[in-house]
Amino acid sequence: MLAIGMTPINNVVDITNFILHEMGQPLHAFDGDKIKGDKILVKTLRKGTKFTTLDEKERELDDQDLMICNAEEGMCIAGVFGGIDSGVTGKTTKIFLESACFNPVFVRKTARRHTLNTDASFRFERGTDPNIPLYALKRAALLIKEVAGGAVSSEIADIYPEPVKHHDVELSLAHVDRLIGKKIESSQIRKILKALDIDVVAETEGLWQVAVPPYRVDVQREADVIEEILRVYGYNNVEAPHKLNSTIVFAEKPNIGKLRNTIASQLVGAGFAEIMSNSLTKAAYYEKSESFPKKQVVKLANPLSSDLNGMRQTLIFNALEAVRHNRNRQNPDLRLFEFGNCYSLHPAKPASEVKGYKEDEKLALVVTGNITSGIWNSEDRKVSFFDLKTWSYNILERLGIDTQNCKELPNENDLISEGLKITAADGKDLFLMGMVHPNLLKNFDIDEPVYFTEMNWQTIVKASAKKTVMFKEISKFPEVNRDLALLLNKDVMFSQIKELALKTEKKLLKKVSLFDVYEGEKLGAGKKSYAISFTLQDTTKTLKDKQIDKTMSNLTRVFEQELGAHLR
């Protein structure tokens, strides 16, 4: 058993495992003294019945789970896993051998239902030879007799003694040539079929009746037979045609694939690495989430495992898994991005989404660690919220979206702390960004601040379609900078000042930036001071002091009226 990578258990179980790998036929050995009533019954049990498997886990059976039972209770989940009380041990003196061919669909559904993936279920799910169980049973009995010193004490009980017949398929030689793309001589086709144990039963003009052996469970149709012919003939022996036909296809506008590649190239140039994660994730991530409720998770009916039992609603959990994976391998300085689809269930909106399911493409950025490290002429510096904000805004600007008209709204939830929600001029959400909530970082065993952006990619693409990125000559007339120090209430945000300034002066005002914030007792309770720079420019002429003073007076007056600001 060690030679095939399996751990030896005992001579009887080892023999059944040996035959499984030798012949592809799973077997199960029961302790004969534990078969109550000396009866073996194959049936289903009542839904909710408790059954403890060999891994010592108690499971609740479904009424569609096929069971091998004794006169009183279940002993084995048929084709999947044995029970804890019926296995062969060192004290076993009487053995009952079971060999069967189970329905692949039944076995697959049962294995997925209980998240059990065993060597036996792997074989049965893909189909086994229906005529081999008896031969495998005799082989096991002889090996037990030879290796373990056993003696055959009963006749073989076969509840399906009739051998399964070959499967009849009608094969058209014209279809063979059409699907393969090359004419193969009928004599060669006959030779290939004979090598595959497929018998030609009857022939008419270009039409053959062939009999496929029952162990070839994957060959049931004419196309399957043709595929087998091509596989043996060799794909490399089918020459490429000298003439190629193509169809002119006009790409949709905007070209989403092109835009995606443009932004990916931009991010790679900024030092990011692209990640690709599975859209299947743990539904448990959303158990206590308020931003993405558990009731909106699209769950799988038959998941492969508990780690892949739901569709993701957000990319943040996949991003944190990547961060944890890298940090655990001494790679703490990370800049990652991912394009991926997210899925959610909205039963209240069946009219707008098909069957209440919604699918959206997102772009996620995640950064953590140092932005500069180990450079001789500069100090190490941690990546910050503002670094991520700059990279996020650069994406909008690259797509021609006017960031001056975007609104920034404070946003915090159970996943993001100290966050911002960025909306377009029409009010549509463009992206959410901020520092990942400390509680969430703790759940992922990450002890370093992580900053995360999630963009609504489809909304951004639609917004970019309305804009054309244009290049224009730099104005030969100079810019003028004027600064104001404003005394404000603490609840006034810089975004309000910026929005009000750009609304008041639409022609000359080009840029508004905040370069200092001061809070102190001298200012008074509930007050703060903003030092703001205003950039003015006329692209047709040089600005005069009179125009500049008039513009700044208007801005000061509006700030006093709308925000209660005072000049310091």
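## Aromatic pairs, pockets and a cavity

Phe317 and Phe444 are both buried (buried means under 20% relative accessible area, exposed over 50%, partly exposed in between, with a 1.4 Å probe and protein chains only). This is a predicted model, in which local features need pLDDT of at least 70 and side-chain atom pairs count only at pLDDT 80 or more, while totals for chains, interfaces and linings use all residues. Residues are numbered from 1 along each chain as its sequence is written, and side-chain values use heavy atoms, with hydrogens and water left out.

**Aromatic rings**

A pair of aromatic rings is described by the distance of the centres and the angle of the planes. Rings of Phe, Tyr and Trp (its six-membered ring) pair if their centres lie within 6.5 Å; planes under 30 degrees apart are stacked, over 60 edge-to-face, and the rest tilted. The count comes to 12 aromatic pairs. Among them, Phe317 and Phe444 are stacked, at 6.5 Å centre to centre with 20 degrees between the planes. Phe317 lies in helix H9 and Phe444 in the loop between helix H11 and strand E22, so the pair ties together parts that are 127 residues apart in sequence. Helices (H or I, at least four residues) and strands (E, at least two) are DSSP runs, numbered from the N terminus. Tyr285, Tyr286, Phe317 and Phe444 form one aromatic cluster.

Phe337 and Phe339 are edge-to-face, because their planes stand at 90 degrees, with ring centres 6.2 Å apart. Phe337 is buried at a relative accessible area of 1%. Phe339 also counts as buried, at 13%.

**Pockets and a cavity**

On a 1 Å grid over the protein atoms alone, a cavity is a set of points where a 1.4 Å probe fits but cannot get out. A pocket is an open set with protein on both sides within 12 Å along at least five of seven lines, and lining residues have an atom within 4 Å of a point. Grid points are joined across faces, edges and corners, and a volume is the space filled by probe spheres set on the points. In the table, Ala, Val, Leu, Ile, Met, Phe, Trp, Tyr, Cys and Pro count as nonpolar, Asp, Glu, Lys and Arg as charged, and the others, Gly among them, as polar.

| Space | Volume | Lining by class |
|---|---|---|
| Largest pocket | about 1,800 Å³ | 29 nonpolar, 11 polar, 9 charged residues |
| Second largest pocket | about 1,200 Å³ | 15 nonpolar, 9 polar, 9 charged residues |
| Largest cavity | about 50 Å³ | 7 nonpolar, 3 polar, no charged residues |

The largest pocket is lined by 49 residues, and Phe96, Leu97, Glu98, Leu137 and Ala157 lie nearest its centre. Helix H4 gives the largest share of that lining, 8 residues. The second largest pocket has 33 lining residues; Lys389, Tyr393, Glu408, Phe494 and Lys498 lie nearest its centre. Helix H2 gives the largest share of the lining of the largest cavity, 3 residues.

Helix H13 supplies at least two residues of the lining of the second largest pocket. In H13, Phe494, Ile497, Leu500, Ala501 and Leu502 are buried. The buried residues of H13 pack against strands E23, E24 and E25 and helix H14.

Ser533 is found in strand E25. Ser533 counts as buried, at 13% relative accessibility. Its side chain makes a polar contact with the side chain of Asp483 (3.3 Å). A polar contact is a pair of N or O atoms within 3.5 Å; within protein, one must be able to donate a hydrogen and the other to accept it, and residues adjacent in sequence count only if both atoms are side-chain atoms.

Conventions
Contact means heavy atoms within 4.5 Å.
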